Amino acid sequence: MTQQGCDIGLIGLGTMGRNFVLNLADHGFAVAVYNRTAEKTKDFMDNEVGARPIQAGYDLQEFIGLLRQPRALILLVAAGAPVDAVLRELWPLLSPGDLVIDGGNSHFTDTNRRGRFLSGKQLNFMGLGVSGGEAGARYGPSLMPGGSREGYDRVGPMLEAAAARVKGEPCVAYLGPRSAGHYVKMVHNGIEYGLMELIVETYDLFKRGLGLTPAELASIYDRWNREELNSFLVGITAKIFTRQDDRTGKPLIDLILDKAKQKGTGMWTSWDAMDLQVGTPTIDAAVVMRDMSGYKEERLAASQVLAGPCQTFKGDRQRCIGQVKNALYAGMIATYAQGLALLQKASATYDYGLDLEAVARIWRGGCIIRAALLEDIRSAYKTKAELPNLLMDPHLGKEFLSREADLREVVQMAAALGLPAPGLMATLSYFDAYRSAVLPGNLIQAQRDFFGAHTYERLDAPGAFHTEWEEE
Ligand code: NAP
């Protein structure tokens with residue numbers, strides 16, 4: 001603590017908050033902490049703080065009194081109503097010019113609303129996306145700040161110190177006004193859903209199609225993680241397959257119920273993509289499959305009634321494994337392409353002024369979607385900031401095209417085996433649609449004009465046309 005008080009305050013000593021406080025303190029910043037449940041604060045101070053420069057307030061007034069002015073404080077509380085509840089109590093205790101940062105996974109429209117409210121009270125507000133889970137918060141997350149620029153100038157050095165670093169560069173950059181940071185974090189999570197779905201589809205093909213064991217799977221994903229698929233998600237997948245259950249000694253993965261949960265950020269990405277009319281089919285498929293995984297009882301009943309093809313693969317297994325690897329890499333490229341195309345449209349629509357090269361740069365470390373591929377994505381935007389789609393980057397387009405035939409074969413294989421692979425299938429259709437000079441939208445226009453007189457445009461003349469379709 002300096003003579004005038006702590007450098008920064010943090011409200012919410014949950015998984016993320018506790019770890020982020022320790023991270024900030026380990027970088028030499030004096031931190032004041034407060035948590036709604038006082039026992040948690042006491043437990044944290046007694047057992048985790050040690051000699052670090054951390055002070056606790058056991059009510060909000062005491063906490064605010066510990067902060068140097070103008071104050072800066074971060075909320076890391078559960079998203080939604082809890083953020084509003086804390087802000088309601090907090091703002092009357094603050095002074096004009098103080099800075100409030102919401103580090104949770106808030107919906108971007110809530111961030112806009114809260115920003116308007118707080119700026120009416122002469123307070124600065126930032127929405128800060130934090131990714132990397134518990135370990136990231138503790139040792140270096142990817143940080144996606146947006147909102148008050150003046151606020152960022154004040155806390156930027158602290159965020160840069162706490163963030164992950166890749167090749168000497170911190171995984172944090174001021175992204176833009178209002179909810180720009182939370183929007184980028186939402187799309188980060190949408191991409192995360194897409195990548196996870198693609199990986200689990202490859203697992204399903206290997207497990208149910210090829211009959212591979214967890215030990216064989218561990219070795220495949222571990223090898224992939226040392227090649228071009230190198231990424232946090234492929235790496236943890238390899239480790240998951242090595243874990244034995246303490247109770248039974250069996251592979252733990254085989255004992256985990258197949259109902260995938262979600263907190264909504266993937267769904268928010270799909271919603272907003274639909275609102276902005278940007279196609280994100282791999283991400284949409286990922287959300288749908290989490291929903292469908294939830295109907296466990298219904299699926300069990302249907303499995304007794306609705307027969308499908310035999311699920312055993314009969315071809316060359318080594319060749320198949322190589323093809324699946326290529327299909328996954330192509331799918332990864334297309335998933336980032338969809339997410340970044342959404343960011344581009346959102347930036348234009350919401351006036352965020354996003355720099356996509358900076359986004360790719362800060363996603364290279366600390367976060368859940370960090371991957372070797374992000375170096376290439378960063379280079380693509382460095383070369384051409386206005387790139388309409390990553391598939392149009394000469395290098396990434398070539399990487400996709402060189403794997404396209406394998407993606408197509410893997411999709412056929414999944415269909416032939418009766419194994420669901422909507423992420424891979426949607427990826428292939430996205431590619432086929434994006435590269436089609438002509439799509440069957442002409443027939444949709446004719447149908448709309450037929451039943452609703454919605455009119456259509458013609459290829460050979462400008463203007464809007466209507467046809468009386470039932471006439472002779
Ligand atoms: P957590 O472990 O569940 O902790 C939740 C915190 O919110 C606790 O400190 C809790 O205080 C506080 N809280 C809940 N309701 C409150 C209310 N009405 N008033 C005041 N405080 C309230 O959550 P977390 O995992 O740290 O997540 C915090 C935020 O980070 C969330 O927005 C989450 O989505 C986001 N996030 C999480 C992760 C992750 O991997 N966990 C990663 C990125 C982002 P009490 O102790 O009093 O209950």
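Analyst: Let us begin with a definition: two strands pair if DSSP finds at least two bridges between them. In general, strands of a sheet pair through backbone hydrogen bonds, either parallel or antiparallel. The model here is a predicted one.

User: Which residue in E5 is the bridge partner of leucine 73?

Analyst: Valine 100 of E5 is the bridge partner of leucine 73. Strand E4 (residues 72-75) and strand E5 (residues 99-102) run parallel and are joined by four bridges.

User: In what order do the seven strands form the open sheet?

Analyst: The order is E3-E2-E1-E4-E5-E6-E7, with mixed pairing. Strands E3 (54-56) and E7 (142-147) stand at the edges; each has a single partner strand, so one side of each lacks a neighbour in the sheet. From one strand to the next, the twist averages 25°.

User: Which strands does helix H8 lie across?

Analyst: Helix H8 (residues 180-209) lies across E5, E6 and E7, at about 20° to E6. Helix H5 (residues 108-120) lies across E5 and strand E6 (124-131), running at about 150° to E6.

User: How is the packing of H8 and H14 described?

Analyst: Two packed helices are described by the angle between their axes and the distance between the axes. For H8 and helix H14 (residues 317-350), the angle is about 165° and the axes are 10 Å apart. Angles over 145 degrees count as roughly antiparallel, and H8 and H14 are therefore roughly antiparallel to each other. Their crossing is right-handed. The contact includes Ile191 and Leu195 of H8 and Leu328 and Met332 of H14. Its residues comprise 18 nonpolar, five polar and no charged.

Technical notes:
Residues are numbered from 1 along each chain as its sequence is written. This is a predicted model: local features need pLDDT of at least 70, side-chain atom pairs count only at pLDDT 80 or more; totals for chains, interfaces and linings use all residues. Side-chain values use heavy atoms; hydrogens and water are left out. Helices (H or I, at least four residues) and strands (E, at least two) are DSSP runs, numbered from the N terminus. Axes are lines fitted to C-alpha atoms, for helices over the stretch in contact, and angles run from 0 to 180 degrees between N-to-C directions. Contact means heavy atoms within 4.5 Å. Angles under 35 degrees count as roughly parallel, over 145 as roughly antiparallel, 65 to 115 as roughly perpendicular and the rest as oblique. A crossing is left-handed if the near helix is turned anticlockwise from the far one by less than a right angle, and right-handed if clockwise. Ala, Val, Leu, Ile, Met, Phe, Trp, Tyr, Cys and Pro count as nonpolar, Asp, Glu, Lys and Arg as charged, and the others, Gly among them, as polar.
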